[in-house]
Amino acid sequence: LFSWTGLCLEKRVFYKLISGLHASINLHLCANYLLEETWGKPRWGPNVKEFIRRFDPIETKGEGPRRLKNLYFLYLIELRALSKVAPYFERSVVDLYTGNGHEDAESKALLLDIFRDTKSFHMHFDEKSMFAGDKKGAKSLKEEFRLHFKNISRIMDCVGCDKCRLWGKLQTQGLGTALKILFSEKEIQSLPENSPSKGFQLTRQEIVALVNAFGRLSTSIRELQNFKVLLQQTR
């Protein structure tokens with residue numbers, strides 16, 4: 001079992017986020033489990049026993065509930081990032097460049113609708129408390145964060161399943177992009193309206209990772225609610 005004792009706020013947050021990411025992946029595995037493999041079409045669906053094995057307080061020696069709390073914590077962090085990055089996309093100079101002018105405008109309008117919805121949600125975490133110490137220490141911790149995410153992404157390259165590797169790398173980059181946004185609030189707010197970005201920029205790959213990672217997390221939350229219903233039915 002991992003010990004959180006003696007860790008500074010920033011490192012506790014980092015490990016909570018990675019734990020939440022792991023919980024999200026486990027939930028997807030439990031929700032879309034190979035229940036029966038026959039000569040015909042295999043049957044996939046939610047596996048309650050596997051969910052209990054991975055998250056039950058007794059089965060996990062008390063770690064399961066903490067993992068699920070960390071999942072919600074990760075969800076809140078990425079939700080906050082979406083609300084903070086809205087001004088970057090609200091500028092008229094920003095287009096999504098899908099290759100079709102009509103689809104560009106429609107995609108941007110849908111994206112802005114998501115951002116507006118996230119702003120209405122009350123947040124329970126203030127990222128301003130992170131890296132609030134001396135500048136040298138803060139810079140060192142930020143660099144440590146960056147290297148950790150880089151290493152995790154490299155580890156994903158060793159995953160044998162192409163689908164798992166793709167989603168793992170995407171969710172890792174999505175989380176890294178969310179943190180990049182949260183730690184760049186001043187730069188985002190001072191961006192010029194009608195000229196290219198200076199001081200803060202998101203690549204196409206980062207935008208895709210951010211939105212899709214949040215989509216996977218949202219699905220995890222939904223699947224968790226479904227497992228709660230299934231557990232009540234089996235008791």
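**First stop: helix H3**

Select residues 63-84, which form helix H3: at 1.5 Å a residue its 22 residues should span 32 Å, and the C-alpha atoms at its ends are 32 Å apart, which agrees. The expected span here is 1.5 Å times one less than the number of residues in the helix, and helices (H or I, at least four residues) and strands (E, at least two) are DSSP runs, numbered from the N terminus. Buried means under 20% relative accessible area, exposed over 50%, and partly exposed in between, with a 1.4 Å probe and protein chains only.

This is a predicted model, in which local features need pLDDT of at least 70 and side-chain atom pairs count only at pLDDT 80 or more, whereas totals for chains, interfaces and linings use all residues. Residues are numbered from 1 along each chain as its sequence is written, and side-chain values use heavy atoms, with hydrogens and water left out.

**Second stop: helix H2**

Select residues 48-55, helix H2, in which Arg 53 and Glu 50 are three residues apart and thus separated by about one helical turn. Arg 53 forms a salt bridge with Glu 50, with 2.6 Å between the closest N and O atoms; a salt bridge is a side-chain nitrogen of Lys or Arg within 4 Å of a carboxyl oxygen of Asp or Glu. Glu 50 is buried at a relative accessible area of 9%, while Arg 53 is partly exposed at 47%.

Arg 54 is buried, as is Glu 50.

Move to Glu 223, which forms a salt bridge with Arg 222 at 3.9 Å between the closest N and O atoms. Glu 223 counts as buried at 18% relative accessibility, but Arg 222 is exposed, with a relative accessible area of 55%. Returning to the previous stop, salt bridges that share partners join Glu 50, Arg 53 and Arg 54 into one network. The structure holds eight salt bridges.

**Last stop: the whole chain**

Colour the protein chain by secondary structure to see nine helices and two strands, running α-β-β-α-α-α-α-α-α-α-α from the N terminus on. Of its 235 residues, 40% count as buried.
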